[in-house]
Amino acid sequence: MERQPESLRSANQFSASSSPTSVESIGTAMKALGERRSLVERGSYIEDLEDERVLLNRTLSGRRRVARRATSVQQKHARIFAAEEQGENARGAEAAPVRRRSSQFLNDGAMKASESATAELKKMRESLLIKREMKRKQRHLLDDDRVLVGNKVSEGHVNFIIAYNMLTGIRVAVSRCSGLMKPLSQRDFHQTKKLAFDYHGNELTPSSQYAFKFKDYCPEVFRELRARFGLDPADYLMSLTSKYILSELNSPGKSGSFFYFSRDYKYIIKTIHHSEHKHLRHVLHDYYEHVKANPDTLICQFYGLHRVKMPISFKNKVKNRRIYFIVMNNLFPPHLEMHTTFDLKGSTLGRYTKVSKEDEDARPVLKDLNWLEQHMNIQFGPHKGRVFLNQLKKDVDFLSRLNIMDYSLLLGIHDINLAAANSEDIHAMIPESSAKHALTSAFPANSNSNININNVITNASNNHFFQRDEGGIRASDAENKDLNIIYYIGIIDCLTNYSLLKKLETFWRGLSHDLYAVSAVPPNDYGLRFYKFIEDSVTQGKTGHRD
């Protein structure tokens with residue numbers, strides 16, 4: 001690379017330093033050029049005698065004036081800076097207290113800003129927690145709308161209007177029957193109360209989405225019965241009417257009745273025939289006295305008898321505008337799985353349930369022939385077996401005396417060992433609800449869904465002998481020691497009167513079948529056969545299978 005002459009480098013240096021933004025560099029460059037003896041001014045050009053190629057398009061005098069101007073500017077700025085520095089030093093002592101106050105003010109402002117920021121962060125955190133809690137409650141609210149069995153009957157369902165009218169009538173009727181309890185009189189067993197609901201409401205009934213009429217039968221009697229069964233009126237209404245949601249079985253029963261379960265699975269609303277309604281009213285006094293004398297009765301518990309009358313516009317939508325129904329207990333709890341369920345009558349004709357592989361997971365209700373085929377037993381030790389059979393005998397004699405037949409023993413079996421092996425989550429079966437607090441507290445949260453066999457919790461609100469172990473009764477051995485099986489036992493369908501139609505059925509079926517195998521037989525014969533069948537199934541401490 002060719003080396004540049006010294007004069008060219010100096011000229012380039014001067015040219016590069018001639019920027020108007022660098023006055024000091026211009027003065028320095030001009031001073032250097034003034035000391036060069038080889039530079040000669042040629043009009044508007046400067047010629048370097050040592051290098052003819054250097055030509056600068058500025059006069060030397062102009063550049064000298066620029067250099068002098070730069071020098072004067074530097075001196076002026078130096079004087080100004082010195083004067084300012086002296087003034088600041090003079091004012092420093094006077095401004096010291098002001099600076100201290102300003103510093104304190106700034107510190108206070110910083111502290112206030114920090115506190116404000118902390119408060120703002122706390123406010124944002126609380127707002128975020130509130131939003132999370134609202135979302136959690138919304139999720140629980142959606143979970144709370146779930147039903148445990150059957151189809152949910154909510155708005156939009158074909159039977160929602162009927163269910164809505166039922167629940168509205170129950171809520172108003174039970175709420176009105178809330179005065180001081182008085183001793184029952186004979187008049188209470190025949191009393192009825194009528195309520196009319198419409199869109200506007202009146203002094204007796206609130207406004208309703210639908211117009212209908214509601215009839216409450218013997219309200220004071222059923223109020224007394226609910227109290228004897230250990231029901232709190234607020235909890236009763238909470239379970240049934242806190243949300244207008246019921247669950248309906250997929251198909252009606254053999255009798256044509258529809259079953260609706262409360263949202264928490266504690267109560268059953270069952271539609272009944274007019275004849276069954278009449279028969280219950282007829283035997284209600286005897287039923288009340290029997291419950292009063294036998295607090296551990298196995299007969300199903302009736303909590304209310306009602307009727308809903310739909311408007312004339314529903315004539316083509318329902319078979320009967322008058323719908324009679326009862327509210328009764330559900331034998332099975334919502335927090336335990338029933339591994340096997342039997343419906344036993346003691347008869348054998350048509351008493352077999354075919355179970356396919358597809359139906360095994362659904363666990364259908366088995367009957368008498370299935371019971372005999374599987375050599376099943378009710379495993380009770382001497383004490384529980386004696387109490388059970390004594391109470392069963394009293395209940396059967398009572399039903400026979402009232403001319404009732406065709407009832408059955410509903411038996412649900414929960415195997416504790418099987419539940420522990422399958423790691424069944426009992427809490428997953430319970431919707432989140434205040435009505436479930438007593439049920440969810442039955443097991444500790446860290447129990448891993450396994451039932452502590454040595455720590456079965458007794459239901460404090462119900463001292464029923466056959467409902468004291470998680471709503472049922474534990475099986476026992478010959479030494480009266482509890483086994484790992486819980487039974488849920490009760491007599492159901494006990495409103496069938498042995499009427500003329502049933503007598504004709506007995507005659508007709510007796511022509512081609514043994515009457516011992518036929519279900520429709522006179523009440524006394526039915527009771528004896530029923531009790532004998534159940535008695536033979538109870539071990540009472542004996543080992544081995546049923547003969």
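Q: Which residues of helix H6 (residues 233-241) are buried in this predicted model?
A: In this predicted model, the buried residues of helix H6 are Tyr236, Leu237, Ser239, Leu240 and Thr241.

Q: What do the buried residues of H6 pack against?
A: Their partners include helix H5 (219-228), strand E8 (259-262) and strand E10 (302-309).

Q: What makes aspartate 232 a cap of the N-terminal end of H6?
A: A side-chain oxygen of aspartate 232 lies 3.1 Å from the backbone nitrogen of alanine 234, and a polar contact is a pair of N or O atoms within 3.5 Å.

Q: Why is histidine 306 called buried?
A: Histidine 306, which is found in strand E10, has a relative accessible area of 3%, and because buried means under 20%, histidine 306 is counted as buried.

Q: How do you know that the side chain of histidine 306 makes a polar contact with the side chain of aspartate 216?
A: The distance given for this pair of side chains is 3.0 Å, while the cut-off for a pair of N or O atoms is 3.5 Å. Aspartate 216 is also one of the residues in contact with histidine 306, among them Phe214, Tyr217 and Phe325.

Q: Why is histidine 157 called partly exposed?
A: Histidine 157 sits in the loop between strand E4 (151-153) and helix H4 (160-176), and its relative accessible area is 22%. Because buried means under 20% and exposed means over 50%, with partly exposed in between, histidine 157 is called partly exposed.

Q: Why does tyrosine 265 count as buried?
A: Tyrosine 265, in the loop between E8 and E9, has 13% relative accessibility, and since the cut-off for buried is under 20%, tyrosine 265 counts as buried.

Q: What is said about the phi of tyrosine 265 and of cysteine 218?
A: Phi of tyrosine 265 is near 70°, a positive value in a residue other than glycine, and cysteine 218 has a positive phi of about 45° although it is not a glycine. Most residues other than glycine have a negative phi.

Q: How do you know that the reach of helix H9 (residues 382-401) is close to what is expected?
A: Helix H9 has 20 residues and reaches 28 Å from its first C-alpha to its last, which is close to the 28 Å expected at 1.5 Å a residue.

Definitions and conventions:
Residues are numbered from 1 along each chain as its sequence is written. This is a predicted model: local features need pLDDT of at least 70, side-chain atom pairs count only at pLDDT 80 or more; totals for chains, interfaces and linings use all residues. Side-chain values use heavy atoms; hydrogens and water are left out. Helices (H or I, at least four residues) and strands (E, at least two) are DSSP runs, numbered from the N terminus. The expected span of a helix is 1.5 Å times one less than its number of residues. Buried means under 20% relative accessible area, exposed over 50%, partly exposed in between (1.4 Å probe, protein chains only). Contact means heavy atoms within 4.5 Å. A polar contact is a pair of N or O atoms within 3.5 Å; within protein, one must be able to donate a hydrogen and the other to accept it, and residues adjacent in sequence count only if both atoms are side-chain atoms. Lists of a residue's contacts leave out its neighbours within four places in sequence.
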